[in-house]
Each structure stands twice: as C-alpha cells, then as structure tokens.
Amino acid sequence: MDHSPRSNCVRGGRRAGVVALLWACLIGVGLCPTDADAFNQMVDSRTSGGVSAEISASTNLSASDSTLGGPTGWDLTVTSNLALESPGTAHGTGFADFGVLKTSLNLSGPGAKFGGAGSAFHDVFTVATPPGVAPGSPGDMTLVYLIDGNASVTSTPGASPISTFTSDVASISMSVARYSSDGSGGVIFDGTDTRYMKLIGPESLDGTAVVFVPHPPDLLTFTVPFNYGEPIGLTTNLVARAFADNRFLGQQSNPFFLNYGGGVIQNVFIDYFNTAELVAIVNEDHPDVTITGVSSTDYSSLVTDTIPAIVPVPSAVLLFGSAIVGLTGFRRNGNRYGRG
C-alpha cells in the first residue's frame, strides 16, 4: 500500500477530473454547500458526511448531512433514474465525531461508474501556552490516527476488465486541512496533507469472483504547525472511493432508454466503519500541554512525546475482520472516547 502524501487524492485515470469536481462539491474540506455560508472555520465546529456518485448519465448525484457542534450519523443512497437508465446505486453510511470518523461505501449495478463516501470533522484547536514559553511561539504537533478496515469486489467469474480500464477499483484517503487567522478577522487556508491508500486495483481482477482485501490496523500521522495560545481550524476527512468498469453501451429510442454496463465489476464494498480514531497528539517538547477545541472537546489526555506503537494482530484474526488492536508507548489519562 502507498501511504505517501498526494497533492491530488483522487486517483481515477481518465475520470479523475469529473470525480474531483463531484467530491469537491460534496465534502471538499468538510464544508457541505447547504450551510457553508453560515460556517466560520475559525469560530465553529462541525461534523459532516455524505455520498457522491457518477451513475449512468448522471454525473452529479450527491447527498450530505452535517451537524454544528455535535456528532453526525448518516445513511445515504443515490441511484440512477430507473425509468430512463440502467440501474446503479451508491450507498454510504458513516459517523463523525470530534476525533472519530467512520465510513462505508457500496457501489453496485450496471449503471454504476463511480462512488465516493466520506466523513469529516472540523474543530478549532488551541494549544495552551506552557510555562517558560512566550505566547505566539511556533510549535509542531503530530496527529496520530489509528485506522483499519477492508474492501471487496465482486466480478464476473473468469473475466477481466477491458485493458483501457485503469482506475483503482477501491481506495481510501485521509486528509487534514489547516486554517489560521490572518490577523484581521478573516480566514486563510494554509494547505492540506493527504494520505492515499490503494486497496484494490484492476490488476487484482484476474477472474476470481470475489477479491477481499483486509487493511491491517495502521497508524497515519499528520504534522501540523501552530502558534502557542492561538487558535487553528483543522478539518479531517476520511474518504472511500470506488470505480466500476461500466460504460455507455447504447440508446434505444422506443421507449427512450440509456443502456450502461458491459463491465466485469458487479459490486464494490469498502468498509471503514470500524473507525479512524485520533489516538495520540505528539508534542515532543511539551507532552503535558493542554489542547482544547471549540467543540468543548479536551484533547489533552492524548498528548504524548512519542508516536504510539501498534501491537501486531495475528493474521488469522485479520481474516475475520476483527479489530483487536493494542496501542502502547503513550500515557493514558482517560478521555471521552473511553480509553483509560
């Protein structure tokens, strides 16, 4: 798996432009269009989730939900127009809280070409100024997320996609976007750090009816610069994306109907509902510093001076999708996520 940062987290070959536009409209950096105007990245906290799809002739299907100041649970489906197009469905479920993101995606039907589902949370963090440090002094904190899940694809037995299909069949990404005040009450966007992970590619579809890929528990890290005592807005996204090799096959005019399909991929399922969870915040110089959010979340119990280690999980356990994970190497003072 490729865990390197990517400036463009959408990987979809010739469809990348369409997919990037779809997803930017839906999640972007966690701001759903229904309430973007009422949301201030340096004042408010929010959780959100949604699903986006390219199905048959429809390239802008999307649905989303969000909550200001609290968690969001969502279960959303977008489908093709069954009266005019081949059937296709993208079904996403998820949960977002401050420090916890879950999502799953199921893409199916001959009309299904692309689906994306994601959860996000935005909080305004303040790292308190510790003794001996001048307010406004620069520092770095590393956010450590524990993530695990799996993906599967069902395809026609004995068949392989056409050679021009090069899109990743299943992938996920996590990103952290940073906002900070420009000193005059406005907001500037400093950039996004993204971790992209390919789960299933077209090369895996060698005629096997079902390909199942477990993603062992993994730690993803994001280093964020800050100034002590000054707020910074952080939006964290967990996004799942699926591509099928369906395409336009033809049109019948009586009655008018657009036929899609012809691909070998019948269903793609990506399950990261087990969670992506913030398990540590590394501040080597000041591991006892207080970190709070405008969401009323106290992140201080997660602060440590080292990145925690994952206790290996036996492969036999992973085959059953269990998430028996141990984390060592950082202090646990107890917090609202139940670790202690």
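1. Setting aside neighbours within four places in sequence, P225 is in contact with G139, D140, R178 and I232, where contact means heavy atoms within 4.5 Å. This is a predicted model, in which local features need pLDDT of at least 70 and side-chain atom pairs count only at pLDDT 80 or more, while totals for chains, interfaces and linings use all residues. Residues are numbered from 1 along each chain as its sequence is written, and side-chain values use heavy atoms, with hydrogens and water left out.

2. P225 belongs to strand β10 (residues 210-227), strands being DSSP runs of E with at least two residues, numbered from the N terminus. P225 counts as partly exposed because its relative accessibility is 39%, and the class lies between buried (under 20% relative accessible area) and exposed (over 50%), with a 1.4 Å probe and protein chains only.

3. R195, in strand β9 (residues 187-200), counts as buried because its relative accessibility is 12%.

4. The largest nonpolar core has 64 residues, of which M141 and I270 touch the most other members; such a core is a set of buried Ala, Val, Leu, Ile, Met, Phe, Trp, Tyr and Cys residues joined through side-chain atoms within 4.5 Å. Strand β14 (residues 265-282) gives the largest share of this core, 7 residues. Apart from it lies another core, of 6 residues, including V144, L146, V279 and V282.

Notes:
Helix = DSSP H or I, 4+ residues; strand = E, 2+ residues; numbered from the N terminus.
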